[in-house]
Amino acid sequence: MLGPVERVFTHLACEISHRERVLIVAADAAHQAHVRGLLATAGGEMRRVTITIAPSNDTWARDHGPISVQTATGPRLLDFTFNGWGNKFPAERDNRITGELAAAGCFGATPVETAAMVLEGGSIDTDGAGTLLTTSRCLLQPSRNPELNRIDIEARLRELLGIERVLWLEHGALAGDDTDSHIDTLARFADPGTILYQACADSGDENCLELRKMAAKLNAITNINGEPYRLVPLPSPRPIHDAHGQRLPASYANFLIINGAVLVPAYDDPADEIARESIAGCFPGRDTITIDCLPLIHQFGSLHCVTMQLPEGVLGKDE
């Protein structure tokens, strides 16, 4: 599926480059030149594009990329251990990418620190004000940090990320998901008082019971001021299966926030526009742009999964 996937990557990278700098990891010099040609032909803002070389196992930058923390002296990047979603897939190359990018000078003077913990970026979502949302199925999975219990993990997240509160969801597993319920396919902050979440209206859908239990938990939790969250449900697309009949974990919660816009996954489904409008209502003043993610979901992920944001200035000053 490389051809269809490249078209998705090209559209995604071009939209990002029109608004901010973008760093792309290529396999080798020939691939680097190929990617540069794709973006230039498609109208990418090439002055904002950096294409570097680093060997990789897979494409999911959200999970092996650095996690950014803002400090009093500026941003720092944390390089957590990535073990292929609990040793399910080869990950040795992906686990080295952040260090290799730092050694190549891709992050400038921004400090990069090794964090002694297995953690994927897609497994957490924060409101930028001290609250982190995650799932117990993922973070408490023994194949990640078997020596850490829930209390230990919360303490580590407070220490490393400056988190004040951790909100745990016990339900929400999507059929076909091989990440052990990453939060970025289930529920996401739009702001400190608003959570968008993947819902399901079809009681016959195999995801429906889990998603309804998740919605009940979201209705029971409160923000840092003790107030209920504004909860915005997102529709479920029709079930999508691969050639072997495997249900794929398509979700509209896998949107991506960039400068001035929100990129919304689309699956050639009537619910695409409903989801886009719901997300747009939570981000006034930003464009909402749909990206065809059918090829990506056949690889069991979507557009948030293949990207990782970095603070302004880490990749150099915009021109």
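These notebook entries record what I looked up in a predicted model.

**Ground rules.** I number residues from 1 along each chain as its sequence is written, and my side-chain values use heavy atoms, with hydrogens and water left out. In this predicted model, local features need pLDDT of at least 70 and side-chain atom pairs count only at pLDDT 80 or more, while totals for chains, interfaces and linings use all residues.

**Helix α1.** I took helices (H or I, at least four residues) and strands (E, at least two) as DSSP runs, numbered from the N terminus. I checked the length of α1, residues 2-17: its 16 residues should span 22 Å at 1.5 Å a residue, and its end C-alpha atoms are 22 Å apart, which agrees. The expected span is 1.5 Å times one less than the number of residues. I then listed its buried residues, which include V5, V8, L12 and I16. Buried means under 20% relative accessible area, exposed over 50%, and partly exposed in between (1.4 Å probe, protein chains only).

**Cores.** I looked up nonpolar cores, sets of buried Ala, Val, Leu, Ile, Met, Phe, Trp, Tyr and Cys residues joined through side-chain atoms within 4.5 Å. The largest has 47 residues, and F283 is among those with the most contacts inside it. Helix α1 gives the largest share of this core, 6 residues. A second, separate core of 20 residues includes F80 and M308.

**Sheet.** I found 3 strands in an open sheet, in the order β3-β4-β5, with mixed pairing. Two strands pair if DSSP finds at least two bridges between them. The edge strands are β3 (67-71) and β5 (112-118). Strand β4 (residues 74-81) pairs with β5 in the parallel sense over 5 bridges, and L78 stands opposite E113 in β5.

**Salt bridges.** I counted 17 in the whole structure, each being a side-chain nitrogen of Lys or Arg within 4 Å of a carboxyl oxygen of Asp or Glu. D287 forms one with R19, the closest N and O atoms being 3.8 Å apart. D287 lies in strand β14 and R19 in the loop between α1 and β1, so the pair ties together parts 268 residues apart in sequence. I noted D287 as partly exposed, because its relative accessibility is 44%. R238 and D269 also meet in a salt bridge (2.9 Å, N to O); D269 is buried, with a relative accessible area of 11%.
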